[in-house]
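Here is a short note to read with the model open.

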Amino acid sequence: EITGAVDEDSLGSYTLSYKASDSAGNAATPLTRTVHVVDLTPPVITLNGEATLEHEAGTTYTDAGALAADNVDSAVTVSQSGAVDENTPGTYTLTYSAIDAAGNAATAVTRTVVVADTIPPVITLLGDADVNHEAGTAYTDAGATVTDSFDATVTVATSGTVDESEPGSYTLTYSAIDVAGNAATELTRTVVVADTTPPVITLVGDASVNHEAGTAYTDAGATVTDSFDATVMATTSGTVDEAVPGNYTLTYTASDAAGNAATPVTRAVVVADTTPPVITLLGDA
């Protein structure tokens, strides 16, 4: 006969008693057994989320944590050690541990968090992407600015040049790389150097001239100045017939090498006979 019972779900010590007697009524010496129900199984830790994470530098890190399951205890607290510095790129390890009420320690679980700056800087042009610049005048570039999600200061590098003395199309390229080596999308500016200013004609002499009929006319001409071309010549159209009194117009025009035409300038020449005749006596006075 066995008396006593063991509750496998409740920790504690239990006694089982064993009795026996034969058919003649002789009783055996009773025996007992003590059964100790104990918790020998450690809890098991399970991570929430991935065991290895990449986290963007400069942004707040919130850990997903971990859970512990135990065969006896309904709730076991998970302790976390280690920290993640979101503002310092690097590799961080978080360790999760747990101990149940019976003192069984779970196998520690770790999470690796890699903090890195993976976002490239952004370049913004100052001024227009397409610029028309007057040839022969100093060119000062407006430049560009750059912002970065993590680095406080990133430098913009400019490549390419503009030759103000040589008409043509020039390209300036702006680039930037942050400390982590992330390269910004390059931006460009097109600068078209062109001579758009027409030359200026200046008369030599008066704009209105009275000329004596029958005498040779020599025109004083005109000079031309240009903002870019060193030499521009004036072209004269129209003629003066010194032998025929009348009103004549001379027109002066000029165009520079870029094809810019000056505002025409004119001179009015009035040919007139203003000299009286001379009488000569035949014979003595």
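In which sense do S17 and strand S21 pair, and over how many bridges?

1. **S17 and S21.** The model is a predicted one, so read every value below as computed from it. S17 pairs with strand S21, residues 265–272, in the parallel sense. Five bridges hold that pairing.

2. S17 and S21 belong to an open sheet of four strands. The order is S17-S21-S20-S19, and the pairing is mixed. Strand S17 (208–212) and strand S19 (235–237) are the edges, each pairing on one side only. From one strand to the next, the twist averages 25 degrees. As background, strands of a sheet pair through backbone hydrogen bonds, either parallel or antiparallel.

3. **Another four-stranded sheet.** This open sheet runs in the order S11-S15-S14-S13, again with mixed pairing. Its edge strands are S11 (130–134) and S13 (157–159), and each of them pairs on one side only. Neighbouring strands are turned by 25 degrees against each other on average, direction ignored. S11 runs parallel to strand S15, residues 187–194, and five bridges join them. Within this pairing, Asn-132 stands opposite Val-192 of S15.

4. **Salt bridges: the count.** How many salt bridges does the model contain? The count comes to three. In general, side chains of opposite charge can pair when their charged atoms come close.

5. **Arg-111 with Asp-63.** These side chains meet in a salt bridge, 3.0 Å from N to O. The partners come from distant parts of the chain, 48 residues apart. Arg-111 lies in strand S9 (residues 109–116), while Asp-63 sits in the loop between strand S5 (52–56) and strand S6 (66–69). Arg-111 counts as buried because its relative accessibility is 0%.

6. **Arg-189 with Asp-141.** Here the closest N and O atoms of the salt bridge are 3.0 Å apart. Is Arg-189 buried or exposed? With a relative accessible area of 1%, Arg-189 is buried. Asp-141 is partly exposed, at 26%.

7. **Arg-267 with Asp-219.** The side chains meet in a salt bridge at 3.0 Å, N to O. Arg-267 belongs to strand S21, and Asp-219 to the loop between S17 and strand S18 (222–225). They are 48 residues apart and link distant parts of the chain. Arg-267 is buried, with a relative accessible area of 1%. Asp-219 is partly exposed, with 26%.

8. **The whole chain.** The protein chain has 21 strands and zero helices. Its C-alpha trace spans about 210 × 25 × 20 Å along the principal axes. The radius of gyration is 53 Å, whereas a compact globule of 285 residues would be near 19 Å.

9. Of the 285 residues, 27% are buried. Among contacts with a separation of 6 or more, 55% join residues 24 or more positions apart. The chain exposes about 17,600 Å², and carbon and sulfur atoms supply 53% of that area.

How values were computed:
Residues are numbered from 1 along each chain as its sequence is written. This is a predicted model: local features need pLDDT of at least 70, side-chain atom pairs count only at pLDDT 80 or more; totals for chains, interfaces and linings use all residues. Side-chain values use heavy atoms; hydrogens and water are left out. Two strands pair if DSSP finds at least two bridges between them. Helices (H or I, at least four residues) and strands (E, at least two) are DSSP runs, numbered from the N terminus. Axes are lines fitted to C-alpha atoms, for helices over the stretch in contact, and angles run from 0 to 180 degrees between N-to-C directions. A salt bridge is a side-chain nitrogen of Lys or Arg within 4 Å of a carboxyl oxygen of Asp or Glu. Buried means under 20% relative accessible area, exposed over 50%, partly exposed in between (1.4 Å probe, protein chains only). The radius of gyration is taken over C-alpha atoms; the globule rule is 2.2 Å times the number of residues to the power 0.38. Contact means heavy atoms within 4.5 Å. Accessible areas come from the Shrake-Rupley method with a 1.4 Å probe; for residues, only the protein chains shown count as cover.
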